[in-house]
Amino acid sequence: MMRATARLLALATVGATTSIGGVAIAQAPAKAPSESAAPELEKERLQNGLRLVMNVDRTVATVAICTTFDFGMNAETEDTAGMLTIVNRLLLAGRRTPTGTDAVALVHARGGRVSSHIQSDTASHCVELPAHSIAVGFWLEAERLKPHSLVKTGFDGRAKKVIEELSAALDAEPYGRAALRVQELVFQGMPGYSNTPLAAVRGSPPDYDAARDFHRSSFTVSRGVLTISGDIDPPTVRALAGEHFGALSASDTSSTAPPTGKLRQTSERYAAVEDEHISSPGLFWGWPGPPKDSDEHAALLVATEILAGGAGASLSRRLVDRDLATATRPLHAELEKYSLVGFQILLTKGAMVRKAEAVLHEEVARLKRRGPTAAELARAKRRIHLRRLLGLESNLDKALAIGRYEALGRKDSPWELARIDAVTIAAIREAVARTLAPVRRTTVEAHLPLPPAGKVPTTRKRIHIVQSGESLIGIAKRYGVDVGHLVTKNGIDPKKAIHPGQKLVIVGGKPKKKPRVHVVKKGEALSIIAKRYGVSVRALTGANGLSKQKPIRPGQQLIVPEKSP
């Protein structure tokens with residue numbers, strides 16, 4: 001999730017990695033930082049249970065204060081999807097000072113900034129200020145935790161504004177919605193893993209009572225870690241922490257239950273996302289991966305860096321250097337029991353998605369078959385090291401990272417990359433073969449929106465993904481073209497069957513309104529479905545290229561034709 005003052009945590013840039021709702025897109029290091037050892041941290045615990053972690057860094061006269069909690073989007077259920085995103089944003093502003101001054105305006109006046117950050121398993125509020133204004137930061141962070149931080153007066157209007165701002169922030173990040181859609185599909189049916197800021201945009205604002213109860217049961221000192229990094233005096237910090245946080249109640253000791261659901265994917269999942277803020281198509285591939293603290297996950301991070309990690313990566317050489325793409329990047333997210341690994345390819349105008357996919361298939365197959373070269377392995381490890389160091393340069397970056405590790409109870413530190421260093425060519429080959437299987441892949445394509453109906457040029461090009469049970473006849477009817485058109489444009493042998501997942505190019509055709517689609521349920525027959533929609537069985541079979549004798553299957557999608565006049 002692009003970091004900016006008082007902006008939504010749903011889109012933030014941390015160091016050299018863009019993270020959208022927890023889905024990180026690795027960026028190329030802008031410069032080579034010097035190697036640095038992990039700092040010595042001072043840790044204490046207040047009587048109410050709040051953990052206090054201090055990192056003294058006198059290289060810059062600023063201080064970052066973050067309050068991080070041991071839950072993130074994994075605290076949301078299907079019924080409360082989007083709640084954390086909205087509540088966290090409402091808390092960002094904090095309360096007004098006793099004199100009525102807006103808290104954020106006060107921080108800005110002191111030369112500081114506030115921000116909030118949501119991951120799948122942690123949530124944070126932060127304030128960064130000149131060291132001499134540290135007391136203001138402690139006051140603001142403590143105010144967010146008080147029971148009456150969410151004010152009832154004007155709540156509905158503020159919640160609606162948050163949703164509007166979040167939607168605008170998502171739109172301002174080209175390809176951002178597509179990246180989040182990957183996570184939703186990879187972990188489909190698994191609330192806590194599939195939840196992203198998109199849920200807040202799609203849903204209605206929560207009512208005040210629900211938001212208040214969520215805040216009081218979740219944002220408590222017993223679940224929080226207070227991290228301070230910068231030019232600080234530890235005794236002064238201890239005194240300020242006791243003054244502002246010491247009186248907060250420790251009565252709540254609840255914890256977030258692990259996300260439920262199991263991975264049940266047996267075939268590739270696909271979605272197309274329209275994005276009016278892009279200039280060319282984008283292709284995203286994602287897979288569910290192993291836990292973030294496993295050797296296999298480290299191997300996959302190195303593998304995705306080898307394939308898509310900027311100029312010099314194998315995909316970049318084959319796509320960017322040949323003007324088929326403008327950029328290739330790794331895609332990843334660290335969740336609780338699983339992770340997400342994959343790739344993002346930004347295509348050039350006019351480039352065919354199918355060509356990029358073919359190159360992706362070949363490069364993944366190469367790693368499965370023989371692994372990377374020694375030079376590729378060394379380059380990928382160097383880039384990961386550089387990106388990690390760049391992501392820990394500022395005091396805000398350090399406070400966030402330390403707070404996240406402490407909240408999750410991790411024994412290592414953000415500066416440790418021992419697992420990455422230990423990755424071997426054989427480990428990459430094995431991890432890629434085990435994880436990056438076609439049947440577990442999710443594909444999301446980002447496209448510019450089609451022109452409004454009636455203004456569609458006859459030469460427009462569309463891509464149709466064949467679904468189970470579809471035929472050339474049914475697809476041709478759906479798009480207003482003839483079967484010969486499909487055969488010619490796609491080089492298809494009309495005597496051979498098409499298969500689910502196959503992509504068909506459709507040029508021209510009559511613009512039609514979006515057809516109705518019925519998903520077959522267990523026990524349904526063609527006659528029952530036809531009767532439900534007031535059409536004949538013959539019309540239903542004709543629209544889908546089906547035979548009356550061939551049974552339909554639960555989950556199969558059927559196009560419902562319009563009623564005859």
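Strand β6 (residues 62-69) and strand β9 (residues 224-230) run antiparallel and are joined by 7 bridges. Within this pair, Phe69 stands opposite Gly224 of β9. The model is predicted, with pLDDT of at least 70 needed for local features and 80 or more for side-chain atom pairs, while totals for chains, interfaces and linings use all residues. Residues are numbered from 1 along each chain as its sequence is written, and side-chain values use heavy atoms, with hydrogens and water left out. Helices (H or I, at least four residues) and strands (E, at least two) are DSSP runs numbered from the N terminus; two strands pair if DSSP finds at least two bridges between them.

Strand β4 (residues 42-45) pairs with strand β5 (residues 51-56) in the antiparallel sense over 4 bridges. Glu42 has Met54 in β5 as its bridge partner. The two strands form a hairpin with 5 residues between them, and Gly49 in the turn has a positive phi of about 100 degrees.

The open sheet has 6 strands in the order β4-β5-β9-β6-β8-β7, with mixed pairing. β4 and β7 (113-118) stand at the edges with a single partner strand each, so one side of each lacks a neighbour in the sheet. On average, neighbouring strands are turned by 15 degrees against each other, direction ignored (axes are lines fitted to C-alpha atoms, for helices over the stretch in contact, and angles run from 0 to 180 degrees between N-to-C directions).

Two helices lie across strands of the sheet, where contact means heavy atoms within 4.5 Å. Helix α3 (residues 134-143) lies across β6, β7, β8 (123-130) and β9, at about 160 degrees to β8. Helix α13 (residues 395-407) lies across β4, β5, β6, β7, β8 and β9, and runs at about 25 degrees to β6.
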